[in-house]
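Subject: Structure handover and findings

Hello,

Here is the structure we discussed. Please open it alongside this message and follow the residue numbers as you read.

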Amino acid sequence: MDIDDILAEVSGDGSPPETRDLQELTRAWVTERSAPELLPWPSDLMERVLGRIHQQIEVVEEQVGNVDPKTNFRLIIIQTELERFKYLVRSFLRTRMAKIDQYTLYMLSNPTQTARLSACELQYANSHQTLLESHYRSSFLSQFPTSLQRLDDTAGGISMIEQPDTDAAVFVRALRNIEEPVVIEGTDTDFQMRRGDVHVVRWSAVREHVLSGDAELI
């Protein structure tokens, strides 16, 4: 089973909750890896997924040592599903951490970006930035004039704060028909997106459609 198989059913009402959560988690993972900027933290999804992981770990620990072949086979299935969820969660979190490491100051100075962090991520970002500033000051910034020691300086119209490239190209697939044409800012180009259409386009042009669930990155 590949990613397309997992995501084939967008809203499978008849599928069990764990299957729908796996679909949502896989989509969040793929989208986070493909988007050039940090996306909002999926709090409800992660709460369900992490809760299910803890439950499955408890089941495995309780049944370890059971010699019943049927129980052992059931444990193999549970452990296989558990490892799949754990892999997706770890990769998802590592992707977010990499973006936080790269754009820490930008996220902490931008309320919209800060709101996208989970409580743990916000704590990490603050600690990371504090340690980074302390290291820079002890290494070389203390040797500079006070006016040149700021890490968020914007003198001369040039910002020292590194930001994501929102004009980076992404592959996007429409999950439903989008009535309004997609406009590429700064150009006279626009196009329609119909369910199933795949386009290579600037992230800034389709960001809102992806965040609203009308489209997904692939």
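**Confidence**

This is a predicted model. The mean pLDDT for the protein is 87. Of the residues, 89% score at least 70. Confidence is lowest in helix 1 (residues 3-6), where the mean is 52. It is highest in strand 1 (residues 169-174), at 96. Please read helix 1 with that mean of 52 in mind.

**Salt bridges**

The count comes to 12 salt bridges. Three of them are described here.

Start with D21 and R48. Their closest N and O atoms are 2.9 Å apart. D21 sits in helix 2 and R48 in helix 3 (residues 43-63), so this pair ties together parts that are 27 residues apart in sequence. D21 is buried, with a relative accessible area of 4%. R48 is partly exposed, at 36% relative accessibility. The pair also belongs to a network: salt bridges with shared partners join D21, E24, R48 and R52.

Next, E121 and R96. These side chains meet in a salt bridge at 2.6 Å, N to O. E121 belongs to helix 7 (residues 119-139) and R96 to helix 4, so parts 25 residues apart in sequence are tied together. Buried or exposed? For E121, the relative accessible area is 4%, and the residue is buried. R96 has 0% relative accessibility and counts as buried.

Then D214 and R176. The closest N and O atoms of this salt bridge are 3.0 Å apart. This one runs from loop to loop. D214 lies in the loop between helix 8 (203-212) and strand 5 (215-217), while R176 lies in the loop between strand 1 and strand 2. The two parts tied together are 38 residues apart in sequence. D214 is partly exposed, with a relative accessible area of 22%. R176 is partly exposed too, with a relative accessible area of 36%.

**A buried glutamate without a salt bridge**

Take a look at E81. It is located in helix 4 (residues 69-102). E81 is buried, yet it has no salt bridge. Which side chain of opposite charge is nearest to E81? That is R84, 5.2 Å away. What does E81 contact, once its neighbours within four places in sequence are left aside? The contacts are E18 and Q56. One of these, E18, is itself a glutamate.

**Aromatic pairs**

The count comes to 4 aromatic pairs. Among them, W29 and Y87 are edge-to-face. The ring centres are 6.1 Å apart, with 70° between the planes. This pair links distant parts of the chain. W29 is in helix 2 (residues 17-34) and Y87 in helix 4, 58 residues apart. W29 counts as buried, at 10% relative accessibility. Y87 counts as partly exposed, at 47%.

F140 and F144 form a tilted pair. Centre to centre the distance is 6.1 Å, and the planes are 55° apart. F140 is partly exposed, with a relative accessible area of 35%. F144 is partly exposed as well, with a relative accessible area of 39%.

**Strands 2 and 3**

Strand 2 (residues 178-183) pairs with strand 3 in the antiparallel sense, over 3 bridges. V183 has D190 of strand 3 as its bridge partner. The two strands form a hairpin, with 6 residues between them. In the turn, G186 has a positive phi of about 85°.

Which residues are on the covered face of strand 3? They are F191 and M193. The uncovered face holds D190 and Q192.

**Where to look**

For a quick tour, begin with the network of D21, E24, R48 and R52. Move on to E81 in helix 4. Then view the W29 and Y87 pair, and end at the hairpin of strand 2 and strand 3.

Best wishes

Notes
Residues are numbered from 1 along each chain as its sequence is written. This is a predicted model: local features need pLDDT of at least 70, side-chain atom pairs count only at pLDDT 80 or more; totals for chains, interfaces and linings use all residues. Side-chain values use heavy atoms; hydrogens and water are left out. Helices (H or I, at least four residues) and strands (E, at least two) are DSSP runs, numbered from the N terminus. Buried means under 20% relative accessible area, exposed over 50%, partly exposed in between (1.4 Å probe, protein chains only). Lys and Arg count as positive and Asp and Glu as negative; His and the chain ends are not counted. A salt bridge is a side-chain nitrogen of Lys or Arg within 4 Å of a carboxyl oxygen of Asp or Glu. Contact means heavy atoms within 4.5 Å. pLDDT is the predictor's confidence in each residue, from 0 to 100. Rings of Phe, Tyr and Trp (its six-membered ring) pair if their centres lie within 6.5 Å; planes under 30 degrees apart count as stacked, over 60 as edge-to-face and the rest as tilted. Two strands pair if DSSP finds at least two bridges between them.
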